[in-house]
Amino acid sequence: MRLRKRMAGAVTAGLAAVALALGTAPAGAAPAEAAADLSYAGSTGVGVHNAYDKAKYPYFADALDSGAAMLELDVWTNFFGSSWRVSHDNPFGNDSNCENATSPAQLRTKPRNQNLAGCLSDIRSWHDAHPGHRPVVLKLELKDGFAANLGRGPAELDALLTSKLGDAVYRPGQLAAGYPDLDSAAKAGAWPGRSAMAGKFLVELIPGTLEEGNSSDALWTDREYATHLRTLAATGKLGQAAAFPAVHRAEAGDPRGRYADASIRPWFVIFDGDASVYAGGSIDTGWYDRNHYLLIATDAHNVAPAIDAVHPTETQARDRVLLMAAHHASIASADWYPLPAVLATVVPRGQ
């Protein structure tokens, strides 16, 4: 009965959020300011998997226009190319909807298939044209991990993000201000409200599929960047960091226990895994919510009963978002790019 009541409340909130996104709030709906008044860690939004795909959005600016709370980019760093390349399965070059627009006027006017620097230029140009926009998670899957020996390590990524996005990035140092590490800050409720996060991008890093399948790679993205954060903090330079590492893949208990080096565990406050596992009953997802950790739930369409990965009805997709909010997800991610009203949905987390 209690779960039924919580779900009913979430449905009401979700309907209001969708209606507000459409500009048609029904009688009794929450005011437009309601989502902005939530803590960033106390809300649930919707993400788009591989938003750089031209089949989904002709330009990355279109993905940014979608209203989604999270947009994903796949990045390659290996010696097959000279830059941070953006593509799904081509390690040699770029296959993306990014165009390297250096001003808002250039958006949707330039050749696509640009690298990560080009994607970030598009993001900054879009940001400049939309001051006070919704907060957006930029999820970077480093397909083959960092390559510090090639000039594509954590410090170089920080420098690239800073040079392209500047003050539009919400940084680990901002969350940790006044605390010894990210874990302490999150547990103390230091995440800002959504209104304070307006106009900001939060960069999340996860290990890539090739990296995780490489038995000779013992230093994955998550551990390498968390170690980088620990080192920066120890030298008073945490303000240089521009991204948050995520613990990848759903696991019961505190998944940070997988890291043998306990000193890097407090530098993880984002967890990213399969929505079906989070919703399956074997994991206390309320633990993430109580500690104000962000929880990214991927492939939300596969949660039983499965719905279409791309073209569910708006009701099906909206109900799935509400279900994942009840399971304490911060982001419910899928490929629902044809449903902008659903992508713009923001509801209270845990209801």
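Predicted model: local features only at pLDDT ≥ 70, side-chain atom pairs only at ≥ 80, totals over all residues.
1. Overall fold. The protein chain has 13 helices and ten strands. Its radius of gyration is 19 Å, close to the 20 Å that the globule rule gives for 351 residues, so the chain is as compact as a globular protein of that length.

2. Of the 351 residues in the protein chain, 54% are buried. The accessible surface comes to about 13500 Å², and carbon and sulfur atoms account for 54% of that surface. Looking at contacts with a separation of 6 or more, 69% are between residues 24 or more positions apart.

3. Charge count. There are 31 positive and 37 negative side chains in the protein chain. The centres of these two sets lie 4 Å apart. A search of the whole structure turns up 17 salt bridges, and the next points pick out a few.

4. R124 and D167. These two form a salt bridge, with the closest N and O atoms 3.1 Å apart. R124 sits in helix α4 (residues 116-129), while D167 is in the loop between α5 (154-165) and α6 (172-176), so the pair ties together parts that are 43 residues apart in sequence. As for cover, R124 is partly exposed at 22% relative accessibility, whereas D167 is exposed, with a relative accessible area of 55%.

5. K139 and D272. Here the side chains meet in a salt bridge at 2.9 Å, N to O. This pair links distant parts of the chain: K139 belongs to strand β4 (residues 136-142) and D272 to strand β7 (residues 270-274), 133 residues apart. Both K139 and D272 are buried, so have a look inside the model for this one, given that buried means under 20% relative accessible area.

6. E141 and K143. Another salt bridge joins the side chains of E141 and K143, at 3.4 Å from N to O. Both of these residues are buried too.

7. N50. Which residues does N50 touch, leaving aside its neighbours within four places in sequence? The contacts are K56, E72, D74 and H88. N50 itself is found in the loop between β1 (43-48) and α3 (60-65). Despite being in a loop, N50 is buried, with a relative accessible area of 6%.

Technical notes
Residues numbered from 1 in each chain as written. Heavy atoms only, no water. Helix = DSSP H or I, 4+ residues; strand = E, 2+ residues; numbered from the N terminus. Buried < 20%, exposed > 50% of the residue type's maximum accessible area, 1.4 Å probe, protein only. Contact = heavy atoms within 4.5 Å. Salt bridge = Lys/Arg side-chain N within 4 Å of Asp/Glu carboxyl O. Rg over C-alpha atoms; globule rule 2.2 N^0.38 Å. Areas by Shrake-Rupley, 256 points an atom, 1.4 Å probe, with all protein chains shown as cover. Lys, Arg positive; Asp, Glu negative; His and termini not counted. Charge placed at Lys NZ, Arg CZ, Asp CG, Glu CD.
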